[in-house]
Amino acid sequence: MALVLRPSVLSLTSLAAPILNGTGAGELSYGTLSVSYAGAMIFVSVTVYNLTSSTITVTEIGLQGTVIIQYSSGNKSTYNFLLSYDTFSTAVSVPASGMAVFQITLSFTG
Amino acid sequence: MMVSKGIENTDFVMPKDAYDIGKDMPTFNAYLTIIVRDSEGKIVKVHRQRSHSPTFNFISLFLPLQYFINCNCGVSVENTGGSTNGFIPCASSGCGNISYPNTATNAPTYLVMIQVGSGSQSNPYSAYKLASPIANGSGSGQLVYGTPSVSPSIYVSGNSAYFTISQTFNNSSGGTVTITEVGIITQVQITYSNSTNTVNFGQLLVWYDVLSSSISVPNGGSVTIYYTFTVNP
């Protein structure tokens, strides 16, 4: 499926309406993040499970990163940031008891 | 998990509309701009080309922590001297992580230079040094390396954003010097969170390009090389 950049995507810091990790209504159960690489591409994927009794619709996706800076004093500062953001050209419906795999490829080869 | 008959292979077959059909723009782009000046400062050549070539060292250092957690493994980076070091970051104490770039005296992580050379390599990804680096100096075949410069901020224009790394080289060799390859070299130091221990990886080639056409720098002239990295170009 095609992905569409949202206008003013550079200024985004979070998804518009993140789907929570869980089994409650409207929630998806997030699996472990998988990371691999091949050549100059890094693949980040996650499997989500719909453990609710209703279809859940996914319309946006983002890659959130965390940078931890540790100072010589031992103190740490944690910064969360949105590394990538896309909206789907067509929504992805995950049926009840179904699952979906989302993969984002970071390509540095242009 | 139950999978219905006929779609057993959905994990292996990429949907047709997921392929690049030539209508999508890459969200990341890197390119080289090279400006050559003669001994009077007049621009005699402008060269532009796409840059495609992060090295394995770059990918290794950019991998998210989750990669190392999942595989319980490390990667090996190789510096320009050919020495290798294991890189196994983690979030707990006892692991070495990349030191924050600064100019402190403890040889931390920083941009060393854009390096130029007169050779070439067929597989830029696996390169850990230039094939034939041009030495810094005013002897025959040498160039005087200026200080590398990074744009003071990330420039934003609409949805696009970019920054540049640039460096100027002067030719005081007495003859024309020809450049055929270019790379970015960084110094990387690992610090351990539970101690003051450090491991210096040395100078790492993180980006490498063979020029699509060679660049001749006349005697008394100069060349400025710009690497531009942009998102949503």
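Leu204(B) and Leu205(B) touch the most other members of the largest nonpolar core, a set of 35 residues. A nonpolar core here means buried Ala, Val, Leu, Ile, Met, Phe, Trp, Tyr and Cys residues joined through C-beta atoms within 7 Å. The elements giving two or more residues to this core are strand 1 (28–37), helix 1 (56–62), strand 6 (110–117), strand 11 (177–192), strand 12 and strand 13 (222–231) of chain B. Keep in mind that this is a predicted model: local features need pLDDT of at least 70, side-chain atom pairs count only at pLDDT 80 or more, and totals for chains, interfaces and linings use all residues. Residues are numbered from 1 along each chain as its sequence is written, while chains are lettered from A and ligands numbered from 1 in the order in which they are written.

**Chain B overall**
- Chain B has 2 helices and 13 strands, taken as DSSP runs numbered from the N terminus (helices are H or I, at least four residues; strands are E, at least two).
- Of its 233 residues, 27% are buried, meaning 20 or more other C-beta atoms, placed from the backbone, lie within 10 Å of the residue's own.
- Among contacts (C-beta atoms, placed from the backbone, within 7 Å), 68% of those with a separation of 6 or more join residues 24 or more positions apart.

**Leu205(B)**
- Beyond four places in sequence, Leu205(B) touches residues including Thr55(B), Thr80(B), Tyr128(B) and Ile185(B).

**Phe201(B)**
- Phe201(B) sits in strand 12 (residues 198–217), and it counts as buried because it has 23 C-beta neighbours inside 10 Å.
- Leaving aside neighbours within four places, its contacts include Val77(B), Asn85(B) and Val188(B).
- Val77(B) is 124 residues away along the chain, yet the C-alpha atoms of Phe201(B) and Val77(B) are separated by 8.0 Å.

Conventions:
A residue is buried if 20 or more other C-beta atoms lie within 10 Å of its own, exposed if 12 or fewer, and partly exposed in between; C-beta atoms are placed from the backbone. Two residues are in contact if their C-beta atoms, placed from the backbone, lie within 7 Å.
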